[in-house]
Amino acid sequence: MAGLWFLISIRARRPLLFHGGRPLLEGRFRSDGTSWDVLWEREPAFRRIWRVSTAIWAVAMLIDAAVRIVMAYTLPMDLVPGLGALLWPVTLVLLQLVNGVYYEVAGLWRLTAGTTTPSTDD
């Protein structure tokens, strides 16, 4: 359900991951202090970064769910709880790595540091 919630939120006014990341990152990491509300309004690249990142999370959570279903039907019952408990930390670490690389490549840190020129296309 969480994967679907992330997926659906991509088309919302602001995607779910934007709301989740904001209290953790806004004004703290490589930031010139510009409000994310301002960046959201002025920078199409900023909006795109958060929509793509939310899609990454949605896909990862849906894959996580599919792997859990496969595990439940194919592995011995004794192994499933332990492997299931291990799966989420592995998924989370992979998500953090993929997102970190994506944010760097997409220019999130340059945008929040104010080191890019404003964009006009979405």
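Predicted model: local features only at pLDDT ≥ 70, side-chain atom pairs only at ≥ 80, totals over all residues.
## Where H2 meets H4

A pair of helices is described by the angle between their axes and the distance between those axes when the two are packed together. For H2 and H4, the axes come within 8 Å and cross at roughly 105°. Angles of 65 to 115 degrees count as roughly perpendicular, and H2 and H4 are therefore roughly perpendicular to each other.

Which residues make this contact? From H2 come Leu-16, Leu-17, Phe-18, Gly-21 and Leu-25, and from H4 come Phe-46, Trp-50, Ser-53, Thr-54 and Trp-57. Sorted by class, the contact of H2 with H4 has seven nonpolar residues, three polar ones and no charged ones.

## The two sides of H1

Now turn to helix H1, which runs over residues 2-9 and has Gly-3, Phe-6 and Ser-9 as its buried residues. These cover an arc of only 130° around the axis, so they sit on the same side of H1.

On the face of H1 turned away from the buried side, you will find the exposed residues Trp-5 and Ile-8. As for the buried residues of H1, what covers them includes helix H2 (16-25) and helix H4 (44-74).

## Asp-64 in H4

Asp-64 is part of helix H4. Is Asp-64 buried or exposed? Its relative accessibility is 9%, and buried means under 20%, so Asp-64 counts as buried.

The side chain of Asp-64 is joined to that of Arg-68 by a polar contact of 2.7 Å. Setting aside residues up to four places away in sequence, Asp-64 touches Leu-87, Trp-88 and Thr-91.

## Asp-32 in the loop

Another aspartate to find is Asp-32, in the loop between H2 and H3. With a relative accessible area of 42%, Asp-32 is partly exposed.

Which residues does Asp-32 contact, leaving aside its neighbours within four places in sequence? They are Thr-112, Ala-113 and Gly-114. The C-alpha atoms of Asp-32 and Leu-111 are separated by 9.2 Å, although these residues are 79 residues apart along the chain.

Note on methods: Residues numbered from 1 in each chain as written. Heavy atoms only, no water. Buried < 20%, exposed > 50% of the residue type's maximum accessible area, 1.4 Å probe, protein only. Helix = DSSP H or I, 4+ residues; strand = E, 2+ residues; numbered from the N terminus. Arc of directions from axis to C-beta. Contact = heavy atoms within 4.5 Å. Axes fitted to C-alpha atoms, helices over the stretch in contact; angles between N-to-C directions. Parallel < 35°, antiparallel > 145°, perpendicular 65-115°, else oblique. Nonpolar A, V, L, I, M, F, W, Y, C, P; charged D, E, K, R; others polar. Polar contact = N/O pair within 3.5 Å; in protein donor to acceptor, adjacent residues only side chain to side chain.
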